[in-house]
Every structure is written in C-alpha cells, then in structure tokens.
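Here are some questions about how the terms used for this model follow from its values, each answered by setting the value against the definition.

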Amino acid sequence: MKRAATFAAACLAASLAACGPEHPKGGLSALDDPPATLGTPRTTWLDLGRGYLQVGESRLAKAAFIRSIRLEGLSAAALTGAGIAAERQGLLHEARRYFERALQQAPSSEIAHNNLGAVQYRLGDYLSAKRSFQAAFAISSGTNKVASHNLGLVELAIQKNAETEIPLVHNPLPLQREGTSEYRLLRADTKKEEVDG
C-alpha cells in the first residue's frame, strides 16, 4: 500500500514536471491522446517509466519505456531509461545496447556516454569505458565532474589490470539519471556520492 502511494506521488510529480514550456500540450509529448490505461492524471509512457524507476520497479519501468518507443516514437530519453532499467535488473549487455542506440539518436548526450561507460566498466571492457568517459568529458568541455571522476577510476583499473593481468571488475556502478542528480562510479570501499548537476 505504501509503495502504491509512493508511486502515485511519483507519477503526479512527473506529470507536473512535464507541464513546462517544452510540453505545450500540458504534459503530453508525442501522444495527442494517451491511452486510458495510463490513468489520471494523464501522462506519457515515458513519464510512467520514469515514475517506476523512482520507486525501484525496474521491470515495469523497462516495459513502459519500450511502450514509449513503440507508441510515442524512438527517443534518446526512452532508450536511456530502458538502459537504466535493464542495468538495474543486471542485464548489462541489454543495457549497453540501449545506451548505444540512445547515442545514435543523440550523439552529444553526456549522460548516455557516461552510462554506456559505466556498463562497459562493469562488463570489464575498460578501454571502451575509457573512451565513453572521455567523450562525455569532452562534450562538456571539461566541466562534467562525474565523467572526470569516472575517467580517473577507469584509468586506475586499466593500470591495475595491466600490472596483475587479472581482470578487475568492481561492484555495481550506479548510472547517471536524467534530471538534476548524477551518480559517480565508486571504489568498492567508498559510499555512493550524489552530485548535483
């Protein structure tokens, strides 16, 4: 019951946030008339997916993002959301594919580059992760602190990997989420640090 109330509040917040100038139809993005199954207040499948992510419902979030892609059109935001949901389910290869497709839609997305790098890092593909973090850092003209931090961490992993010749895969690395907060890759012995973006 508490989770349902939390989700309803998250959906309402997402709906209200979408009512800004970039959504002239009062929160509707690509749909002229969203399906009645979305309930009241009416929102988009993209917003529904974001609401599910906020309450930790990764499976439902991914389903909503996929529905957004099918009904509201292919977008980097929906692909990124699906990638985050897949990563939270431990489906790293699937998450990587979603982030790669997101970058095809929005090649200059710092978030998609950083998230792709985080998944590549978790998969042990440190050189590819380094390139992804470098791209995020370059796109930001050197201002993305998250990409800078992640770049330093992956360079350390590459160095240690070269010294030991044993693959080093650190534990799950949180992804940047859309919005005002970003997450850094962390060493195994540190706590998660949230950075306001």
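Q: What makes residues of H6 such as Ala-112 and His-113 count as buried?
A: Buried means under 20% relative accessible area, with exposed over 50% and partly exposed in between (1.4 Å probe, protein chains only), and the residues of H6 in the buried class are Ala-112, His-113, Asn-114, Asn-115, Leu-116, Gly-117, Ala-118, Val-119, Gln-120, Tyr-121 and Arg-122. H6 is therefore mostly covered, with 11 of its 13 residues buried. This is a predicted model, in which local features need pLDDT of at least 70 and side-chain atom pairs count only at pLDDT 80 or more, while totals for chains, interfaces and linings use all residues. Residues are numbered from 1 along each chain as its sequence is written, and side-chain values use heavy atoms, with hydrogens and water left out.

Q: Why is H5 called roughly antiparallel to H6?
A: Helix H5 (residues 92-105) and helix H6 (residues 110-122) pack at an angle of about 155°, with their axes 9 Å apart. Angles under 35 degrees count as roughly parallel, over 145 as roughly antiparallel, 65 to 115 as roughly perpendicular and the rest as oblique, so H5 is roughly antiparallel to H6.

Q: Why is Ser-141 called exposed?
A: Ser-141, in the loop between helix H7 (126-139) and helix H8 (145-164), has a relative accessible area of 66%, and is therefore exposed. Its phi is near 60°, a positive value in a residue other than glycine.

Technical notes:
Helix = DSSP H or I, 4+ residues; strand = E, 2+ residues; numbered from the N terminus. Axes fitted to C-alpha atoms, helices over the stretch in contact; angles between N-to-C directions.
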